[in-house]
Amino acid sequence: MNISHALLAEWGLSHIKLKKEMIILDVGCGGGANINHFAQIVTSGRVFGIDYSPTSVKVSKEVNKKYIEEGIVEIHESSVSSLPFEDKIFDVVSGFEACYFWPDLINDLKEIHRVLKINGVLLLVNEGYKCENKEIRKVVENWAKLGDFKLHSPEEYRNFLTKAGFTEIDVYEQKEKGWITAIAMKQKG
Ligand SMILES: C[S@@+](CC[C@H](N)C(=O)[O-])C[C@H]1O[C@@H](n2cnc3c(N)ncnc32)[C@H](O)[C@@H]1O
């Protein structure tokens with residue numbers, strides 16, 4: 001998972017600017033590669049990860065052992081629907097290949113909105129969306145059926161992010177690959 005998602009993650013991350021003092025949460029952290037990437041950048045900040053799979057949490061902890069021991073990284077077993085954090089803690093919340101699995105997308109995004117600071121940024125990066133390219137669309141629709149996840153169009157991204165309370169929404173497509181990145185801001189609440 002870590003290797004196959006690396007190029008997608010790199011492209012998604014190229015759309016935001018990270019600073020060394022930031023506090024970041026990666027939701028659905030999987031194998032922990034993105035946490036590891038963040039930990040190398042936020043040298044005076046912190047990185048948190050959550051995943052509801054005990055196996056993912058275990059692997060993420062192994063991959064980030066050094067940073068956990070240094071007190072930079074913390075990883076918890078948790079659902080996105082009920083995050084184990086107080087309000088307004090994070091500068092950035094990321095979800096790589098994650099949001100299309102979430103059980104109650106708008107409420108789960110509201111939960112992320114709750115833990116973001118004012119002017120905090122949400123980054124969603126996904127391989128597979130309702131794209132215009134018919135060939136790619138056919139392939140990803142098949143994946144979605146097999147993997148039991150939902151695909152969304154760029155317009156649907158804007159709509160569900162707006163309904164969850166986000167503003168300043170930008171959606172980027174990598175049309176040749178069928179990748180999508182959405183960036184949104186918490187400006188109040
Ligand atoms: C396709 S993997 C992506 C992992 C990682 N973000 C990456 O890009 O390699 C999706 C991850 O989301 C987690 N996940 C799915 N639904 C979740 C939920 N409701 N709450 C927390 N984690 C969830 C899964 O356990 C899995 O580790």
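How many bridges join strand β4 (residues 90–96) to β5?

Tutor: Six bridges join β4 to β5, and the two strands run parallel. Strands and helices here are DSSP runs, numbered from the N terminus (E of at least two residues for strands, H or I of at least four for helices). This is a predicted model: local features need pLDDT of at least 70, side-chain atom pairs count only at pLDDT 80 or more, and totals for chains, interfaces and linings use all residues. Residues are numbered from 1 along each chain as its sequence is written.

Val92 stands opposite Val121 in β5. To get from β4 to β5, the chain passes through helix α5 (residues 105–115), and this β-α-β crossover is right-handed. That is, with the strands pointing away from the viewer, the path from the first strand over the helix to the second runs clockwise.

Now the other neighbour of β5. With strand β7 (residues 179–185), β5 pairs in the antiparallel sense, over seven bridges. Here Glu127 stands opposite Trp179 in β7. In general, strands of a sheet pair through backbone hydrogen bonds, either parallel or antiparallel.

How covered is β5? Nine of its 12 residues are buried, which makes the strand mostly covered. Buried means 20 or more other C-beta atoms within 10 Å of the residue's own; exposed means 12 or fewer, partly exposed lies in between, and C-beta atoms are placed from the backbone.

The largest nonpolar core has 47 residues. Such a core is a set of buried Ala, Val, Leu, Ile, Met, Phe, Trp, Tyr and Cys residues joined through C-beta atoms within 7 Å. The largest share of it, six residues, comes from β5 (residues 116–127). Ile24, Val47, Val93 and Leu122 have the most contacts inside this core. Val93 touches Leu25, Val27, Ile112, Val115, Leu116 and Leu122, leaving aside residues up to four places away in sequence. Contact means that the C-beta atoms of two residues lie within 7 Å.

Step back to the whole sheet. It is open, has seven strands in the order β3-β2-β1-β4-β5-β7-β6, and its pairing is mixed. Two strands count as paired if DSSP finds at least two bridges between them. β3 and β6 (167–174) are the edge strands, each pairing on one side only. Neighbouring strands are turned by 15 degrees against each other on average, direction ignored.

Ile50 has His76 in β3 as its bridge partner.

Helices pack on this sheet. Helix α1 (residues 6–13) touches β4, β5, β6 and β7, and its direction makes about 140 degrees with that of β5. Helix α3 touches β2 and β3, at about 165 degrees to the direction of β3. Axes are lines fitted to C-alpha atoms, for helices over the stretch in contact, and angles run from 0 to 180 degrees between N-to-C directions.

The arc is that of the directions from the helix axis to the C-beta atoms.

Tyr157, Phe160 and Leu161 are its buried residues. They cover an arc of only 100 degrees around the axis, which puts them on the same side of α7. They pack against α5, β6 and β7. Just after α7, Gly165 takes a positive phi of about 105 degrees.

Last, two loop residues. Glu97 lies between β4 and α5. Its phi is near 55 degrees, a positive value in a residue other than glycine. Glu97 is buried, with 21 other C-beta atoms within 10 Å. Asp148 sits in the loop between α6 (134–147) and α7 (154–163). Phi of Asp148 is also positive, near 55 degrees. Asp148 is exposed, with 8 other C-beta atoms within 10 Å.
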